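Here is a short report on charges, contacts and backbone features in one protein model. Have the sequence and the structure open as you read.

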Amino acid sequence: MRLALAKWTLGPLLLAQGRRVRRVTPVLPEPPGPREGETGEGPLLRLLVLGDSAGAGVGAASQEEALTGRIVAGLRGRYRVRYRLVARTGATTASTLRLLERAEPFAVDAAVTSLGVNDVTGDVGVGRFLALQARLHALLRERLGARLVLASGLPPMDRFPALPQPLRWYLGARAAQLDRALAAALPDGRGAEYLAVAGELDAGHMAADGFHPGPAVYAAWGTAAAGRIAQAFDRAGKA
């Protein structure tokens, strides 16, 4: 109710601030580096990283410093990791779902998703967000064979330096709302689990645009994801 009232009373100001942020915020590129490959020794583990600009590593200098590279670095000491990155700037849960539905199927053991920020800025409601997330997790299981899906939580957008007030407060509250709902819905008993975004998301640890993670955040986030994946597959006895 509070957010609905804020949207109604502050709507014109929030819209104007959003347009200005898009106009003045530097557009950082997705970092260079391989988006698929194989490395390490041990049992084969097929990894998919899926999502938006943070999933694609915007804010890092290379894919090695981004989320995928950090996860792979945490796993290749015990697994032969065959990895694939499917992420693009501006992606929402709905657009990612459509992309996977159209793609040729490929085999996956573990998937890590980075989605939600563009659902917030696109004003997707909690019910629709959860329904789309559930459909995405089902598709990853049923079409690609994923046995573990780590759904990364939404970042605290109220800490994003690029956002002015009251837009920062409003988007932060919306992000927290979706994040709480996602965390409450998982685990789903079918292999999908919630993964909190690790690392300090303040001005000192974010990218130059004030909107994306910096390398230290990717390092913490990737290390946490790799640990959860290794724990799950070690517990299963094999990859």
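R141 is buried, at 15% relative accessibility. Buried means under 20% relative accessible area, exposed means over 50%, and partly exposed lies in between, with a 1.4 Å probe and protein chains only. The side chain of R141 meets that of D188 in a salt bridge, 3.1 Å from N to O. D188 lies in the loop between α7 and β6 (192-195) and R141 in helix α6, so the pair ties together parts 47 residues apart in sequence. Helices (H or I, at least four residues) and strands (E, at least two) are DSSP runs, numbered from the N terminus.

This is a predicted model, where local features need pLDDT of at least 70, side-chain atom pairs count only at pLDDT 80 or more, and totals for chains, interfaces and linings use all residues. Residues are numbered from 1 along each chain as its sequence is written, and side-chain values use heavy atoms, with hydrogens and water left out.

**Salt bridges**

Side chains of opposite charge can pair when their charged atoms come close. Here a salt bridge is a side-chain nitrogen of Lys or Arg within 4 Å of a carboxyl oxygen of Asp or Glu. By this rule the model has 10 salt bridges. Three pairs are listed below.

| Pair | N to O distance |
|---|---|
| R35 and E30 | 2.5 Å |
| D188 and R141 | 3.1 Å |
| R147 and D109 | 3.3 Å |

Take R147 and D109, which form a salt bridge. This pair links distant parts of the chain, 38 residues apart. R147 sits in the loop between α6 (126-142) and β5 (148-152), and D109 in the loop between α4 and β4 (110-114). How do the two partners stand in accessibility, buried or partly exposed? R147 is partly exposed, with a relative accessible area of 43%. D109 is buried, at 3%.

R35 and E30 make another pair. R35 is partly exposed, with a relative accessible area of 27%. E30 is partly exposed too, at 27% relative accessibility. Elsewhere, E38, R80 and R82 are linked in a network of salt bridges.

**Positive patch**

Which residues gather in a patch of positive charge on the surface? They are R88, R98, R102 and R128. Patches are made of residues with over 30% relative accessible area and no salt bridge; like charges are joined within 9 Å, and nonpolar side chains (Val, Leu, Ile, Met, Phe, Trp, Tyr) within 5 Å. Lys and Arg count as positive and Asp and Glu as negative, while His and the chain ends are not counted. The place of a charge is taken as NZ of Lys, CZ of Arg, CG of Asp or CD of Glu. Accessible areas come from the Shrake-Rupley method with a 1.4 Å probe; for residues, only the protein chains shown count as cover.

R98 counts as partly exposed, at 44% relative accessibility. R102 is exposed, with a relative accessible area of 63%. R102 and R2 are 100 residues apart in sequence and 39 Å apart in space, C-alpha to C-alpha.

**Buried helix residues**

T68 is found in helix α3 (residues 67-75). T68 is buried, with a relative accessible area of 3%. What does T68 touch, not counting residues up to four places away in sequence? Its partners are V49, G55, Q63, Y83 and L85. Contact means heavy atoms within 4.5 Å.

A181 is in helix α7 (residues 167-185). A181 is buried, at 14% relative accessible area. Leaving aside neighbours within four places in sequence, A181 is in contact with V126 and L130. A181 and G153 lie 28 residues apart in sequence and 9.9 Å apart in space, C-alpha to C-alpha.

**Backbone**

Where are cis peptide bonds found? One runs from Q165 to P166, with omega near 5°. P166 is in the loop between β5 and α7. Another joins L186 and P187, with omega about 0°. P187 is in the loop between α7 and β6.

D123 has a phi near 65°, a positive value in a residue other than glycine. D123 lies in the loop between α5 (117-121) and α6. D123 is partly exposed, with a relative accessible area of 38%.
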